Every structure is written in structure tokens, then in C-alpha cells.
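Have a look at the sequence and the model, then read on.

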Amino acid sequence: MSQGFSIELYFDPALENQVLKAWNVLARRQISTQLIEIESRPHITLFSSPFLDPAKLESVVKSFASKQGPLPLSFTSIGSFPNDKNVLFLAPVPTMALLQFQAQLCEAIKKEGIEIGEEFKADSWIPFCAVAQDVPKTRIAEAFCVLRESKLAVSGYAMDIGLVEFSPVREYFSFELGNTVEA
């Protein structure tokens, strides 16, 4: 049973591998394996909705991606949200380029008649890359320490954008940023 859909921003291979290292360190310590189990891929969620028609978004995302270039990203901090999902994440520096990228994507989606949820509106969106989900409350402090010791201040580029259904994760399509060649 689908929990929803999301448009995700994917990283260059070196940056993706750095995030996967964090996932694996936490899995080896038996702190969190959920992202691995649901077959996720390191990403920043740009938009999410419980219901949508993937076919309706494919041309919008493809057109949007073709007008963009690789986006520089620098993850400099570790965070958590104050809710019961117990997600730990890497937070990128919220550059104007990243914020505008997400806002422009949501504008393109909105033009298709798709409602943008409050958490994805320009003045509310918080960019993050999850490194652990459903961390037991008794192990959150340990997980933070493990991530800090991993020295995860990593930089790279966002290279692709794709639509997935979750959970487990199933990719519908993805497009390279700046690629105008027909696939």
C-alpha cells in the first residue's frame, strides 16, 4: 500500500557514497536500518504528496530538469525534527540557489493544478537528507555521536531529479539536471 509520492533531488556518486557510509555505520551499530530496508536512495525531498498521477508530472519534471544545471550542495550539520518519527538528517547549507530551485519546481507543479502542501511552500520548506528513521528514543544521543565522529561535513552536487512512490521506494522516472537529450 502506497504511503505517497515524492520528487527527490539525487547526488553525484561521491556525495551519495558519503551519505551511504552514514547509513551503513548506523546499520552496523543496529541503530537504524530503515532507509536501507525500504530501498531508498540518498536524496533531498523537494515535494511530496499522498496522491498524484505520476504521468501528469513526468513532462513537468523533465522540462524543469532540462533548464537546470548541477546544483552545488554542502552538508554541514546534523539535525532532528521534534516529532515521533525520530529522523536524523544531514542539513545542507540553504543557499539561494537551492531554495530557488525548490520554489521554482513547486511553481511548475502548481501550474498543473497540484496542490503544494504547507511544508513545501517557499517560506516553510526545510531541506534535509535523512540518514536514519525510527531511531529508538534511547539511542538518539548515541546516533548523533556516531554521526559526529564520522565527520560528515561533505560537499558535492545534485545531479538528478526523480519521482518515487514509497514505501518501499519505487522510482517512476528520473532526469539528469541540464540534460536536454531525449531519453
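Keep in mind as you read that the model is predicted. Take Cys 129: this residue is in no disulfide, and the nearest cysteine sulfur, which belongs to Cys 106, is 18 Å away. A disulfide would need the two sulfur atoms within 2.5 Å. Cys 145 is in no disulfide either, with the nearest cysteine sulfur, that of Cys 129, 20 Å away.

Are these two cysteines buried or exposed? Cys 129 has a relative accessible area of 0%, so this residue counts as buried. Cys 145, at 43% relative accessibility, counts as partly exposed.

## A strand tucked inside

Now for strand S2, which covers residues 43-49. Why can we call S2 largely enclosed by the rest of the structure? Because 6 of its 7 residues are buried, and buried here means under 20% relative accessible area.

Strand S1, residues 4-11, pairs with S2 in the antiparallel sense, over 6 bridges.

## The largest pocket

S2 turns up again in the largest pocket, where it gives the largest share of the lining, 5 residues. S1, helix H2 (34-37) and S2 each supply at least two residues of that lining. The pocket holds about 920 Å³ of space.

How many residues line the pocket? There are 28, and those nearest its centre are Thr 45, Ser 48, Lys 85, Phe 128 and Phe 166. By kind, the lining residues split into 12 nonpolar, 12 polar and 4 charged.

## Rings that meet

Next come the aromatic side chains. The structure holds 8 aromatic pairs, and two of them are set out here.

| Aromatic pair | Centre to centre | Angle between planes | Arrangement |
|---|---|---|---|
| Phe 64 and Phe 101 | 5.0 Å | 70 degrees | edge-to-face |
| Phe 81 and Phe 128 | 4.9 Å | 80 degrees | edge-to-face |

What does the pair of Phe 64 and Phe 101 tie together? Phe 64 sits in helix H3 (residues 54-66) and Phe 101 in helix H4 (residues 96-110), so their contact joins parts that are 37 residues apart in sequence.

Phe 81 is partly exposed, with a relative accessible area of 23%, and Phe 128 is partly exposed with a value of 23%. Together with Phe 89, Phe 81 and Phe 128 make up one aromatic cluster. Phe 128 is also one of the residues nearest the centre of the largest pocket.

## One more stop on that loop

The loop between H4 and S5 is also where you'll find Ile 126. At 46% relative accessibility, Ile 126 counts as partly exposed. How far apart are Ile 126 and Ile 44? In sequence they are separated by 82 residues, but in space they are 9.6 Å apart, C-alpha to C-alpha.

Note on methods
Residues are numbered from 1 along each chain as its sequence is written. Side-chain values use heavy atoms; hydrogens and water are left out. Buried means under 20% relative accessible area, exposed over 50%, partly exposed in between (1.4 Å probe, protein chains only). Helices (H or I, at least four residues) and strands (E, at least two) are DSSP runs, numbered from the N terminus. Two strands pair if DSSP finds at least two bridges between them. On a 1 Å grid over the protein atoms alone, a cavity is a set of points where a 1.4 Å probe fits but cannot get out, and a pocket is an open set with protein on both sides within 12 Å along at least five of seven lines; lining residues have an atom within 4 Å of a point. Grid points are joined across faces, edges and corners, and a volume is the space filled by probe spheres set on the points. Ala, Val, Leu, Ile, Met, Phe, Trp, Tyr, Cys and Pro count as nonpolar, Asp, Glu, Lys and Arg as charged, and the others, Gly among them, as polar. Rings of Phe, Tyr and Trp (its six-membered ring) pair if their centres lie within 6.5 Å; planes under 30 degrees apart count as stacked, over 60 as edge-to-face and the rest as tilted.
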